[in-house]
Amino acid sequence: MAVSLFDMLKVGIGPSSSHTVGPMKAAYLFAAALQDAGLLDAVARVQCQLYGSLGATGKGHGSGPAVLLGLEGFLPEEINPAIVVPRSTEICKQSQLMLLGEHSVAFDEASDLIFHRQESLPFHANGMSFSAWSSNGDLLNHRVYYSVGGGFVVDEDAAGADRIVEDTTELPYPFRTGAELLAICESEDLAIADVMFANEQVWRTEDEITDGILKIWEVMKECVQNGIQNEGILPGGLKVKRRAAALYRDLKNRSRMDMITPSLGALDWVNLYALAVNEENAAGGRMVTAPTNGAAGIIPAVLHYYCNFCPNANDEGVIRFLLTAAAIGILFKENASISGAEVGCQGEVGSACAMAAAGLAEATGGTPQQVENAAEIGMEHNLGLTCDPIGGLVQVPCIERNAMASLKAINAAALALRGDGKHFVSLDKVILTMRETGKDMLDKYKETSRGGLAVNIIEC
């Protein structure tokens with residue numbers, strides 16, 4: 001199975017890769033399947049039912065509007081985030097839906113968009129089913145999809161196997177484990193970024209790869225800029241105030257000597273970068289799933305730290321950072337999970353912390369062994385992290401959690417770069433531990449809003 005950097009780092013919209021991006025893609029796939037089968041014009045009614053974590057927290061994560069816009073033919077990497085809420089509101093108000101923007105069908109929100117808060121489907125917590133009927137009540141098509149984290153979507157058949165859309169492309173340097181990746185680096189005298197770049201060339205030219213990576217970086221930078229310009233209260237009812245804009249003004253009016261200490265001044269900026277991205281995510285803005293929306297602020301924050309505070313930073317370093325981060329993300333995706341609904345927040349924030357730590361170590365001259373060590377440290381100190389969003393919203397504790405993990409990633413890279421790459425726990429072992437910890441974790445701590453902070457905070 002081959003996974004590309006552009007699978008791990010995708011442009012999408014907030015507030016959730018698994019609950020917003022995934023359902024929109026699944027809905028689009030269902031509508032496209034109707035069209036491919038020549039059934040689109042015969043459809044009189046469509047229904048979507050969401051289960052498990054999607055059913056429990058989907059309303060707070062924008063799953064409903066995402067499904068409706070997906071059925072209308074929109075994709076998360078292309079849609080203007082500003083139209084999602086107005087258009088979904090219009091669909092519900094008019095009781096009319098335009099399948100793929102071409103065919104009008106009746107739509108009743110109460111009976112055609114159903115959230116099952118206590119029921120789950122097999123294979124994964126983020127399950128959803130779609131059905132379409134003709135005007136005389138004949139079932140035209142029924143499909144089940146799973147949103148398995150990071151915007152990845154699989155159908156029922158794939159879910160029973162690998163839970164990733166299978167790509168059998170033959171890679172020059174295939175790897176499934178950290179040990180295999182390090183062995184390739186040693187035998188071929190390559191850095192991890194070089195291994196990834198060579199593998200990416202089976203899908204794209206060298207220029208397409210570098211241009212594509214730099215475009216991802218541009219989206220990340222735009223997301224930070226949007227986050228430090230927008231103010232107000234985040235949607236959803238918790239009345240969480242956006243802080244990034246005020247923090248930015250404060251930092252711009254201070255010298256680094258005015259910070260907590262001169263050496264810690266950069267960390268204030270890292271906090272800003274992470275808060276800006278995740279506030280934009282919570283508001284439904286455009287960002288890069290890195291590897292998920294819930295953890296989307298960590299890699300951009302650490303990458304901004306690299307560009308603004310590390311000597312000799314340049315675009316080549318940015319490219320190597322993201323290539324390396326993607327390689328580490330693939331290890332988590334293939335050997336454990338990046339889905340909070342499956343393994344808790346350790347799979348989202350923990351994976352992103354490891355990816356960012358590895359990317360920073362690579363970009364600042366680390367050896368493959370030091371890079372692997374940085375990733376291991378980043379994940380090791382996020383083990384057991386639960387996913388318990390208050391009100392089912394990607395706001396508390398998610399936004400601050402990204403800032404904390406960004407600082408962890410920087411420190412993980414620093415610790416690794418001060419060593420020789422030899423360490424007691426391997427990255428493979430910590431990934432296995434994360435997967436087993438996720439299995440042992442009670443479901444109420446896996447993005448259901450039925451445990452932890454979600455039930456111990458009084459909502460007003």
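Q: How many cavities of 30 Å³ or more are there?
A: This is a predicted model. A cavity here is space where a 1.4 Å probe fits but cannot get out. With the cut-off at 30 Å³ or more, the count is one.

Q: How much space lies in the largest cavity, and which residues lie nearest its centre?
A: The space in the largest cavity is about 140 Å³. Its lining is made up of 16 residues. Those nearest the centre are G294, E348, C387, V394 and C398.

Q: Which classes of residue line the largest cavity?
A: Cys and Val count as nonpolar, Glu as charged and Gly as polar. Sorted by class, the lining has four charged, four polar and eight nonpolar residues.

Q: How many disulfides are there?
A: A disulfide needs two cysteine sulfur atoms within 2.5 Å. C223 is in none, as the nearest cysteine sulfur, in C398, is 15 Å away. The count is zero.

Q: Is C223 buried or exposed?
A: Buried means under 20% relative accessible area. C223 has 1% relative accessibility, so C223 counts as buried.

Q: What feature does UniProt place at residues 4–157?
A: Over residues 4–157 the chain is 36% helix and 28% strand. The end C-alpha atoms are 22 Å apart. The unreviewed UniProt entry gives the feature as "domain: Serine dehydratase beta chain".

How values were computed:
Residues are numbered from 1 along each chain as its sequence is written. This is a predicted model: local features need pLDDT of at least 70, side-chain atom pairs count only at pLDDT 80 or more; totals for chains, interfaces and linings use all residues. Side-chain values use heavy atoms; hydrogens and water are left out. On a 1 Å grid over the protein atoms alone, a cavity is a set of points where a 1.4 Å probe fits but cannot get out, and a pocket is an open set with protein on both sides within 12 Å along at least five of seven lines; lining residues have an atom within 4 Å of a point. Grid points are joined across faces, edges and corners, and a volume is the space filled by probe spheres set on the points. UniProt positions are given in the numbering used here, feature names are shortened, and annotations may be inferred rather than shown by experiment. Helices (H or I, at least four residues) and strands (E, at least two) are DSSP runs, numbered from the N terminus. Buried means under 20% relative accessible area, exposed over 50%, partly exposed in between (1.4 Å probe, protein chains only).
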